[in-house]
Amino acid sequence: MASEALQQLILDTLNEHGTIKDTRSLILPNQLELATSHDAQITILGALNSLLSRDMIRYESHEVISHVLSPEGAQIAKEGSHEARVWAALPPKGQGSPMTPAQLKTKVGEATAKVGQGNAFKQKWIVKEGDGLVKAVDSIKDVTQLDLQEIDTTGDLKSGEKVLADLRKRKLIVQRKGQWFTVHKGVNFSTSIAKPETDLTADMLASGTWKTSTFKKYNFEAEGIPPAGGALHPLLKVREEIRNIFLEMGFAEMPTSSFVESAFWCFDALFVPQQHPARDLQDTFYISDPVKSLPPEPLYYKRVSTVHEYGGYGSTGYRAPWSHDESSKLLLRTHTTASSTHMLYKLAARCRGEEVEGDEKEFTHGAKATTAHGESTADDGFQPAKLFSIDRVFRNETMDATHLAEFHQVEGVVADRGLTLADLIGFMRVFFKKMGIEKVRFKPAYNPYTEPSLEIFAFHPMLNKWVEVGNSGMFRPEMLEPMGFPKDVRVHGWGLSLERPTMIRYGINNIRTLLGHKVSIEGIENSAAVMF
């Protein structure tokens, strides 16, 4: 009702005077003073917009700069400035014992004493006498208090901008932008504020009142509310692009749904020694219930344990005692190479003359029946394969700008005859070029299950440094031959990060803004599709 009364006041004033030159001249309903305050003009603006939507009025806005007191400024306007309160607390010179700084703090407060002493000395209102302070003049003019009282009343100061700037710097006043309005009659001006109808109802049709009713105009150019919809996370966009690159290069996708693996498949089958630091609690999350995994195929298990403990296949092994309990532990996989090991074991089953359930559909897509040099395969059951996977892995990492305890690994293997390290380097350069990453470096590294091994680095333009994005190498004979592969079969293996290429592509310099509770939902909705 208050809004309707204000709208009626505006219409009646326009009807009487033809225009309202300055809305600050209005007196709002149930008010006694002119509408000069900021809040009053905001209230008037709401009424003006309501009338404008019906073309009953039109108006122009005028900006005005005013000032209001801060809490400290309001206190000074009421009680006086800090320096004036310090002066008032001191005895006149020669008429009492000088007041020590400690006594002054007790009387006026520490904050007032600290600020007021300096300003009072500057104004020459007080002087030092012995170890204390006394008044130097009989009377003072507290200009700061007077200026703040004027600002509180008018919102401005006759003294000018220099004094206002000083008061703003002292945080005694705050500048505020206000506005007032000039109002004119609109094309549909009327002194009646009856609202137009928005809907044609059945009752209007039945009674015929629709013929004399006024309907609100439709704005066919108004934009609708953007529909809410789902959006793919940047990681999923990059994942799909990388997946398409693999498929384009003739790879088949491996099943990688086993987040929990046994230590045998995650470490032992890869020829990782049971004493390796990566198997410590500081690097691996172990499962407490159930504690042990089901045993692998006995003959294969025996070949793996033997090559670890005693050597074989041209290797001396690790010459360390084999622990069945260590091999049977369950853990959150530290790499998807555990899944690759499963798949290589199935691939080698053909060389052993065995059939492994499900291997037909897993190896037919993307596999080629020739070597890297185009030669036909030997009649030993081996079939070349190119396999990949993209899935989550878990490591007990210390989190920082480029590390998380849970992340994605892009895993791939190529099994063929006559492969060399040069083939691996060439493939990785082509692969990263398809991802749009031109600057790639390789560094020799050590891995228990690959020899030779290479770390892969890509240049991150936001961090302005080279960032490790993956590890690669050629699987060792101690891993492949116990599975049953022929001696001339070589397997390239690599594990790449999904997060770090995503950071490079989207210019993200902290992985914690890509994954986790700091991720911006709006950023996900607005992130562009990545095209390699």
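In strand β5, the bridge partner of I20 is V183. The model is predicted: local features need pLDDT of at least 70, side-chain atom pairs count only at pLDDT 80 or more, and totals for chains, interfaces and linings use all residues. Residues are numbered from 1 along each chain as its sequence is written, and side-chain values use heavy atoms, with hydrogens and water left out. Helices (H or I, at least four residues) and strands (E, at least two) are DSSP runs, numbered from the N terminus.

**Domains**
- The protein chain is divided into domain 1 (2–70 + 151–211), domain 2 (82–141) and domain 3 (237–374 + 381–526); the bounds come from an automatic or database domain assignment.
- Between the C-alpha centres of domain 2 and domain 3 the distance is 78 Å.

**Three-stranded sheet**
- Three strands make an open, antiparallel sheet in the order β1-β5-β2; two strands pair if DSSP finds at least two bridges between them.
- β1 (19–20) and β2 (57–69) are the edges, each with a single partner strand, so one side of each has no neighbour in the sheet.
- Two bridges join β1 to β5 (residues 173–185) in the antiparallel sense.

**Seven-stranded sheet**
- The order of this open sheet is β6-β9-β10-β14-β13-β12-β11, with mixed pairing.
- Its edge strands, β6 (252–253) and β11 (440–447), each pair on one side only.
- β10 (residues 406–417) and β14 (residues 489–497) pair in the antiparallel sense over nine bridges, and Q409 has S497 of β14 as its bridge partner.

- Helix α16 (residues 421–434) lies across β11, β12 (450–460), β13 (465–475) and β14, at about 35° to β14.
- Helix α18 (residues 499–506) lies across β10, β12, β13 and β14, at about 25° to β12.
- Axes are lines fitted to C-alpha atoms, for helices over the stretch in contact, and angles run from 0 to 180 degrees between N-to-C directions.

**Packing of α10 and α16**
- The axes of helix α10 (residues 234–248) and α16 come within 10 Å and cross at roughly 135°.
- The two helices are therefore oblique to each other (under 35 degrees counts as roughly parallel, over 145 as roughly antiparallel, 65 to 115 as roughly perpendicular and the rest as oblique).
- I242, I245, F246 and E248 of α10 make the contact with F427, F431 and K434 of α16, where contact means heavy atoms within 4.5 Å.
- By class, the contact of α10 with α16 has five nonpolar, no polar and two charged residues (Ala, Val, Leu, Ile, Met, Phe, Trp, Tyr, Cys and Pro count as nonpolar, Asp, Glu, Lys and Arg as charged, and the others, Gly among them, as polar).
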